[in-house]
Amino acid sequence: MTADPVDPAALDRLAEVAVRTGLNLQEGQDLILTAPVEALPLVRRVAAAAYRAGAGLVTPILSDPEVALARYAHARDESFDNAAGWLYDGMAEAFGNDTARMAIVGEDPMLMAEQDPAKVSRAGKANSIAYKPALEKIATFQINWTIAAYPGRQWAIRMFPDMDPDAAQAKLAEAIFAASRVTDENAVANWEAHNARLRKRTDWLNDHRFRALKYSGPGLDLTVGLADGHEWMGGASRAGNGVVCNPNIPTEEVFTTPHAAMTEGRVRATKPLSHQGSLIEGIEVEFRKGRIVEARATKGEAVLRELIDTDEGARRLGEVALVPHSSPISQSGLLFYNTLFDENAACHIALGQCYSKCFVDGDTLTPVEVEERGGNSSMIHVDWMIGGPETDIDGIAEDGTATPVFRKGEWAI
Ligand code: ZN
Ligand code: ZN
């Protein structure tokens, strides 16, 4: 094959959508961009689109999988408790000065699969601690930010191991471009229509003010209490700096903040969870008073245990999200091993940190007020999929009456 497996015209459109719809980058605004080196073709296009949009300064920060693996092969043990705090402090300072943030993903999702889970977990924890001041500006949605994807070659080979590498990369590229709604010239307009559809769902849910969601289905008997004064969000939303942006390209979900102490029952994951380069399969947990009291996995259970032992909040929910089974990503039938895509294929919940923005007047709440309303806090935020074609969900009102929200995996409204 001589043709480029990644269509350059579609990459141009993805860069444009990431800057204009994803970030809605403002005239004079700076941008910090993180990406794997392999994604440079997209990074360069994003930089060009950002400067065309009037960016002040675009600063790319690149990572490389072989450099990451070299650490596991050769570094002294103490290395795994270290993180580049100085870098994250600088990012936090930049975000505090209204710098926008874009993350481009595209690396091999199983990069760390062969590495010692304890070391992976220590490195992840050190990173989370160092990143916290910067992450808080993202989690509390103080600035416009977005994540988009580049079809990395190793990622493609993981997804399509039986295909020729060029063909695999071309197939992943097509899947990313379709999910990101950039397959035709009207990409930015397509996103406006998509955002309007998601807005109808969030308006309906916000009008109903449910106290809880009750889930049933195979392996699923779960009641998720919603936080006091929670607000449903989805698609485009307004960041604390006033900029309306789309934090995820693609996105199909509507989501809100559950109450950290009010989830009861059992749930089984409907898709494997790719976490820090490992795959966790067959997750089954039981919640009591909002806390995971029992956790199992058929594969990667050690990684799951490390994850939920990160801190107290890691055993509690920080997000609940609704995605119909008919979503384009679900219908593609592909498992991307990447949350940005897989979370848009099914209803999901996230362990760990909540989005304080998912409260009425969320950007004015202090961390204490978020906690008083039931918002969870943790160093982690990990989404996993619990929905499928059999999922039924009822909204439970304050007086206990139930309203169908989902039937057989689809919106009932
Ligand atoms: Zn989500
Ligand atoms: Zn999430």
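View 1. Glu 319 and Asp 383 are both buried (under 20% relative accessible area with a 1.4 Å probe, protein chains only; exposed is over 50%, partly exposed in between). This is a predicted model, with local features needing pLDDT of at least 70 and side-chain atom pairs pLDDT 80 or more, while totals for chains, interfaces and linings use all residues. Residues count from 1 along each chain as written, chains are lettered from A and ligands numbered from 1 in written order, and side-chain values use heavy atoms, without hydrogens or water.

**View 2. The zinc ion (ligand 2) and its donors.** Here Glu 319 (OE), His 381 (NE2) and Asp 383, through two OD entries, coordinate the zinc ion (ligand 2) at 2.0 to 2.6 Å. Donors are N, O and S atoms within 2.8 Å of the metal (3.2 Å for Na, K and Ca), and with water not among the atoms, sites may look incomplete. The donor residues follow the spacing E-x61-H-x1-D. Glu 319 also bridges to the zinc ion (ligand 1), with the two ions 3.4 Å apart. Glu 319 sits in strand 16 (residues 317–322) and Asp 383 in strand 18 (residues 381–385), 64 residues apart; strands are DSSP E runs of at least two residues, helices H or I runs of at least four, numbered from the N terminus.

View 3. Helix 1 (residues 8–23) has 16 residues, so at 1.5 Å a residue it should span 22 Å, and its end C-alpha atoms agree at 21 Å apart (expected span is 1.5 Å times one less than the number of residues).
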